[in-house]
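The entries below follow the order in which I looked things up.

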Amino acid sequence: MARSLTAHHILTRRTLGLGLLLVPTMASAQDAPCAPISVLFVCQAGTVKSSIASETLKRRATEAGVQVRVSSRGIHPEDHVSAALAANLKADGLYLGRQPALRLSKADVATADIVIAFDKAVQAPELRGARSWDIPSWNADYEGAKAALSAQLDRLIAELRVCPSAAVNKER
């Protein structure tokens, strides 16, 4: 009987030792940072709603410690930033002229984990399944647009904090 206790004792020590070796590996896998999620914003012109959303998400995600890759595109790129809007954005510390407005491509959609479309852009065939955000006109209602975007970004950042997988976010 003493022999079987010894064998059992050794087996238990080996199992425990192996288990302890695995604990740091499992803990580090759980504590690993989220892989950056790619978010694509699309509006008709690519210079107002999608560009403002892109720049604002970059700023807010950095402040929240959330890793994200953000881009913006337009269905038919053209400049729709009025002088009054430019002044409001500058007062809020947002500068949109860093990148030229780019036309949406199928590759943009295919490589994004989350696609968000504004207004008529959501009707574009290549944006089928994109999330649709309703934001007032930045040129006509700056404060209303700012509040609506802030609320949408609050929900998006909360979602991004839980390390969603790209497969879950593909809504197409």
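I began just after α2, where Gly65 takes a positive phi of about 75°. The model is predicted, and I kept to its limits: local features need pLDDT of at least 70, side-chain atom pairs count only at pLDDT 80 or more, and totals for chains, interfaces and linings use all residues. Residues are numbered from 1 along each chain as its sequence is written, and side-chain values use heavy atoms, with hydrogens and water left out.

**Another positive phi.** I then turned to Asp119, a residue other than glycine whose phi is also positive, near 50°. Asp119 sits in the loop between β3 and β4, and with a relative accessible area of 40% it is partly exposed. For such labels I used under 20% relative accessible area for buried, over 50% for exposed and partly exposed in between, with a 1.4 Å probe and protein chains only.

**The chain as a whole.** I counted six helices and four strands in the protein chain, and reading along the sequence I noted the pattern α-β-α-β-α-α-β-β-α-α. Of the 172 residues, 35% are buried. The protein chain exposes about 10,300 Å², of which carbon and sulfur atoms supply 59%; such areas come from the Shrake-Rupley method with a 1.4 Å probe, and for residues only the protein chains shown count as cover. Among contacts (heavy atoms within 4.5 Å) with a separation of 6 or more, 74% are between residues 24 or more positions apart.

**Helix α2.** I checked the length of α2 next: its 16 residues should span 22 Å at 1.5 Å a residue, and its end C-alpha atoms are 22 Å apart, which agrees. The expected span is 1.5 Å times one less than the number of residues. The buried residues of α2 include Lys49, Glu55 and Arg60, along with Ile52 and Leu57, and the buried residues of this helix pack against β1, β2, α3, β3 and α5.

**Helix α5.** Helix α5 runs over residues 142-160 and reaches 26 Å from its first C-alpha to its last, close to the 27 Å expected. Its buried residues are Tyr142, Ala145, Leu149, Gln152, Leu153, Leu156, Ile157 and Leu160. They cover an arc of only 140° around the axis, which puts them on the same side of α5; the arc is that of the directions from the helix axis to the C-beta atoms. I noted beside this that an α-helix has 3.6 residues a turn, so residues three or four places apart point the same way. The face of α5 turned away from the buried side carries the exposed residues Glu143 and Arg155.

Leaving aside neighbours within four places in sequence, Leu156 is in contact with Val39, Phe41, Leu57, Ile114, Ile116, Arg131 and Trp133.

**Aromatic pairs.** My search of the whole structure found four aromatic pairs. I paired rings of Phe, Tyr and Trp (its six-membered ring) if their centres lie within 6.5 Å, calling planes under 30 degrees apart stacked, over 60 edge-to-face and the rest tilted. The rings of Phe41 and Phe118 have centres 6.1 Å apart and planes at 25°, so this pair is stacked. Phe41 lies in strand β1 and Phe118 in strand β3, so the pair ties together parts that are 77 residues apart in sequence. Phe41, Phe118 and Trp133 form one aromatic cluster. The rings of Trp138 and Tyr142 have centres 5.3 Å apart and planes at 70°, so that pair is edge-to-face.

**Trp138.** Leaving aside neighbours within four places in sequence, Trp138 is in contact with Val48, Lys49, Ile52, Leu85, Ala145, Lys146 and Leu149.

How values were computed: Helix = DSSP H or I, 4+ residues; strand = E, 2+ residues; numbered from the N terminus.
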